[in-house]
Amino acid sequence: MQPSQMPLDFDYEVRLALFDHIHRLADAGGGHVTAAQLNSGLSLNGKRIPVWSQQRGIFRPAVLRDFGAALTIHSSFDSPYDDHAHPDRERLVYRYQGIDPSHRDNVALRRAMQLRRPLLYLIAVQPTVYFPVFPCYIVADRPDDLAVELMADAIGSDIVHAAEEEPLANIGLKAYATRAVKRRLHQGRFRYAVLRAYYRQCAMCRLKHTPLLDAAHILPDRDERSLPEVPNGLALCRIHHGAYDIGIIGVDPDYLIHVRPDVLAEHDGPMLRFGLQEMEGGIIQVPRRPELKPNRDYLAERFSRFMAA
Ligand SMILES: [Zn+2]
């Protein structure tokens with residue numbers, strides 16, 4: 001059956017309206033939604049429907065009581081981030097509420113699986129900022145581990161499959177979407193942790209405009225030793241991130257900044273002079289806490305590639 005021909009019961013209507021709403025918020029918010037936005041709820045047919053509970057991970061609004069399936073789940077910033085350890089990169093793991101599988105919240109989770117309802121999964125990338133994953137399906141229940149497994153069904157914008165009746169349909173696409181979700185999640189958490197460690201300023205030029213700051217990897221992201229951890233990162237502004245990545249600027253293991261000789265010899269406008277050439281011989285500003293400082297072995301390895309180029 002085509003999604004457009006599917007009988008649209010009220011439960012579906014709420015879910016699709018929620019996805020549409022979250023899609024618009026995330027679009028305007030650089031892919032993220034805030035707790036304050038979520039607290040405003042959803043307006044549907046002139047009524048306000050709450051969409052989550054900041055205190056409880058598993059949420060089903062009162063208007064969906066008859067259907068009984070959870071609508072939204074979220075993990076807080078402090079909650080254990082199980083997905084790192086989970087060997088299957090194509091699944092997301094979500095912990096039950098408490099340790100009683102028959103707790104009403106856990107029943108609502110299972111009900112969503114039985115009824116094959118798409119959910120919104122909010123994963124914290126900062127204390128009150130969430131990366132929304134939707135539509136998302138519960139594909140397995142693991143009562144012995146007090147957890148369920150989920151798969152994303154699309155990458156953010158495409159909710160065409162939301163009215164699909166079979167959670168395990170299009171498994172290849174779901175695997176692809178779930179891997180993409182995990183990558184974006186790692187990037188979001190990495191950026192937050194690195195920017196916080198570096199006092200939200202560029203390690204080279206001290207620029208403090210957060211929207212212009214990135215978390216650069218020292219060992220490239222594709223390197224299998226490259227973990228989304230602060231010692232493998234540097235907070236850099238867009239220009240210095242780009243210059244570091246393409247080898248115009250290097251940083252040696254003693255934190256000294258080097259500019260490529262041919263770029264040092266160029267003559268051009270103020271961006272070249274103040275933005276690049278005057279970095280030569282400077283020292284990057286690193287976090288004070290030893291466990292957050294950049295890994296010197298990684299810097300050395302990266303720097304040897306800069307010198308060889
Ligand atoms: Zn900079």
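Q: Where do Asp-11 and Arg-15 lie?
A: Both are in helix α1, which covers residues 10–28. They sit four residues apart, about one turn of the helix. Keep in mind that this is a predicted model.

Q: How far apart are the closest N and O atoms of Asp-11 and Arg-15?
A: 2.6 Å, and the two form a salt bridge.

Q: Is Asp-11 buried or exposed?
A: Buried. Its relative accessibility is 0%, and buried means under 20%.

Q: And Arg-15, buried or exposed?
A: Arg-15 counts as buried too, at 0% relative accessibility.

Q: Which residues are linked with Asp-11 and Arg-15 in a network of salt bridges?
A: Asp-9 and Arg-117.

Q: How many salt bridges does the count come to?
A: The count is 18 salt bridges.

Q: Which residue does Arg-56 form a salt bridge with?
A: Asp-105. The closest N and O atoms are 2.6 Å apart. This pair links distant parts of the chain, 49 residues apart. Arg-56 is in the loop between β3 (47–49) and β4 (58–59). Asp-105 is in helix α3, residues 104–115.

Q: What about accessibility: which class do Arg-56 and Asp-105 fall in?
A: Arg-56 is partly exposed, at 31% relative accessibility. Asp-105 is buried, at 6%.

Q: What does Arg-179 pair with?
A: Arg-179 forms a salt bridge with Glu-90, with the closest N and O atoms 2.6 Å apart. Arg-179 lies in helix α4 (residues 171–197) and Glu-90 in the loop between β5 (72–75) and β6 (92–95), so the pair ties together parts that are 89 residues apart in sequence. Arg-179 has a relative accessible area of 28%, so it is partly exposed. Glu-90 is partly exposed as well, at 30% relative accessibility.

Q: New topic, the metal. Which residues coordinate the zinc ion?
A: Cys-202, Cys-205 and Cys-237 through SG, and His-240 through ND1. These contacts run from 2.1 to 2.4 Å.

Q: How are the donor residues spaced in sequence?
A: The spacing for the zinc ion is C-x2-C-x31-C-x2-H.

Q: Is the site tetrahedral or irregular?
A: Tetrahedral. The angles among the four donor atoms are 94 to 118 degrees, and the rule for tetrahedral asks for all angles between 85 and 135 degrees.

Methods. Residues are numbered from 1 along each chain as its sequence is written. This is a predicted model: local features need pLDDT of at least 70, side-chain atom pairs count only at pLDDT 80 or more; totals for chains, interfaces and linings use all residues. Side-chain values use heavy atoms; hydrogens and water are left out. A salt bridge is a side-chain nitrogen of Lys or Arg within 4 Å of a carboxyl oxygen of Asp or Glu. Helices (H or I, at least four residues) and strands (E, at least two) are DSSP runs, numbered from the N terminus. Buried means under 20% relative accessible area, exposed over 50%, partly exposed in between (1.4 Å probe, protein chains only). Donors are N, O and S atoms within 2.8 Å of the metal (3.2 Å for Na, K and Ca); water is not among the atoms, so sites may look incomplete. Four donors count as tetrahedral if all angles lie between 85 and 135 degrees; four count as square planar and six as octahedral if opposite donors are over 155 degrees apart and all others between 65 and 115; anything else is irregular.
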